[in-house]
Amino acid sequence: MTESKKKTIAPQIFAVSPDVSRSLAWFLLRLAVSSAVITFSIWFALAPLEHLIARGARNWLALASSPYYLQSLEHIDGAYAFTSWLGPLRGGFKLPSLLFTFGFPIAYAFALQGISTRRYWLRGAVVVLISYFVCVFSVAIVSDARLTASFLQLEITLQPEWRYEATRFVQSYLWMFTVRLYPLLSVIILAVVSDQFRSTPREHPVRAVRIFNMAAAVLVCASLLVTVGSNSTINARIERVENESFANRLTPFQAKNPNLGIGLSELGKFLEKQEDLKGALKAYRAAVPRLQGRPRKLARRSRDRIHEVIKADLLKKADDRRARQAAAE
């Protein structure tokens with residue numbers, strides 16, 4: 001009998017190349033240094049950075065809307081504050097995750113190799129601009145959704161239904177995108193393009209990489225030109241609308257709101273609770289001609305009451321001013 005030969009299979013051992021381990025260690029060190037530098041830079045330039053984000057969001061949102069929709073969008077006291085032309089109605093919100101969204105992809109990009117090459121700095125500049133526009137569009141989306149929702153609660157429609165539903169859908173997943181998806185996609189794309197953790201760099205399809213880089217550069221430059229170039233146009237539009245009457249600002253929304261008088265009456269009540277008596281007076285004055293019966297009588301009564309309060313306050317201020325002048329003489 002012949003004995004069967006037993007075949008022995010050697011166990012496969014997963015081993016990491018020393019070159020890859022050394023490259024990873026150096027990268028983690030560079031990432032730590034880059035993160036510290038970027039974090040300090042963001043903290044040092046926080047105020048102008050948030051101002052630029054708010055200004056970019058205002059320009060894009062104003063370009064996509066009626067001139068009578070958005071009056072201002074600014075960063076005030078740690079929050080993004082928006083104001084409408086109707087009322088005016090004010091609101092605000094905070095997006096603390098934007099700093100991570102802005103900072104982490106940039107720190108990762110500058111932690112890659114090739115600091116002495118032109119490609120390294122161009123890649124970093126593109127990531128900075130893309131991160132900036134992600135923050136801009138995030139603020140614009142939240143402002144649009146909340147401003148429209150605020151008026152819908154007052155039974156006033158400012159935007160088409162499809163736009164409101166779209167912005168509300170995007171807003172509901174905004175945190176997941178800005179905090180998770182965008183940084184993750186940035187890291188994956190940068191890691192693949194840079195060959196950071198390969199001991200022997202592979203040959204890229206040069207044509208495909210160039211097309212991708214050119215497309216990204218064109219998109220970023222176009223967005224930057226629109227954001228910066230539209231600033232003077234938006235400022236001129238704001239000055240023009242500011243000089244128009246409240247009735248003219250209501251005209252574009254009349255077709256979307258058959259019962260605009262009821263909405264304006266509710267707006268007057270809301271502004272009165274916010275102690276914005278001048279805004280409430282404007283709302284009631286515009287509501288009265290658009291109402292009938294008891295709602296019209298109530299709106300007229302509220303209009304007259306607020307008018308008396310404002311007139312009494314003006315008389316009191318005039319008396320105080322004359323008393324101060326008499327005392328000074």
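## Close-up views of a predicted helical chain

Of the 329 residues in the chain, 36% are buried (buried means under 20% relative accessible area, exposed over 50%, partly exposed in between, with a 1.4 Å probe and protein chains only). This is a predicted model, in which local features need pLDDT of at least 70 and side-chain atom pairs count only at pLDDT 80 or more, while totals for chains, interfaces and linings use all residues. Residues are numbered from 1 along each chain as its sequence is written, and side-chain values use heavy atoms, leaving out hydrogens and water.

**View 1. The whole chain, for orientation.** Here you will find 11 helices and three strands; these are DSSP runs numbered from the N terminus (helices H or I, at least four residues; strands E, at least two). Along the sequence the order is α-α-β-β-β-α-α-α-α-α-α-α-α-α. Among contacts with a separation of 6 or more, 69% are between residues 24 or more positions apart (a contact means heavy atoms within 4.5 Å). The chain exposes about 20,500 Å², with carbon and sulfur atoms supplying 63% of it; accessible areas come from the Shrake-Rupley method with a 1.4 Å probe, and for residues only the protein chains shown count as cover.

**View 2. Helix α5 and its buried face.** The end C-alpha atoms of α5 are 17 Å apart, which agrees with the 16 Å that its 12 residues should span at 1.5 Å a residue (the expected span is 1.5 Å times one less than the number of residues). R163, Y164 and T167 are the buried residues of this helix. Seen down the axis of α5, they fall within an arc of 100°, so they line one face of the helix; the arc is that of the directions from the helix axis to the C-beta atoms. Their cover includes α2 (46-63) and α4. On the face turned away from the buried side, look for the exposed residues E161, W162, F169 and S172.

View 3. The side chains of R163 and D144 meet at 3.1 Å, N to O, in a salt bridge (a side-chain nitrogen of Lys or Arg within 4 Å of a carboxyl oxygen of Asp or Glu). This pair links distant parts of the chain, with R163 in helix α5 (residues 161-172) and D144 in helix α4 (residues 118-153), 19 residues apart. Both R163 and D144 are buried. By this rule, the count comes to nine salt bridges.

View 4. The closest N and O atoms of E272 and R305 are 2.6 Å apart in their salt bridge. E272 lies in helix α9 (residues 260-273) and R305 in helix α11 (residues 293-328), so the pair ties together parts that are 33 residues apart in sequence. E272 is partly exposed, at 23% relative accessible area, and R305 is partly exposed too, at 41%. A second salt bridge joins E308 and K311, with closest N and O atoms 3.6 Å apart. These two are three residues apart in α11, or about one helical turn. E308 is partly exposed at 44%, and K311 is partly exposed at 37%.

**View 5. A nonpolar patch on the surface.** F169, V170, Y173, W175 and M176 form this patch, with about 550 Å² of accessible area together. Patches are made of residues with over 30% relative accessible area and no salt bridge, like charges being joined within 9 Å and nonpolar side chains (Val, Leu, Ile, Met, Phe, Trp, Tyr) within 5 Å. Helices α5 and α6 (174-194) each supply at least two of the patch residues. M176 lies in helix α6 and is partly exposed, at 43% relative accessibility.
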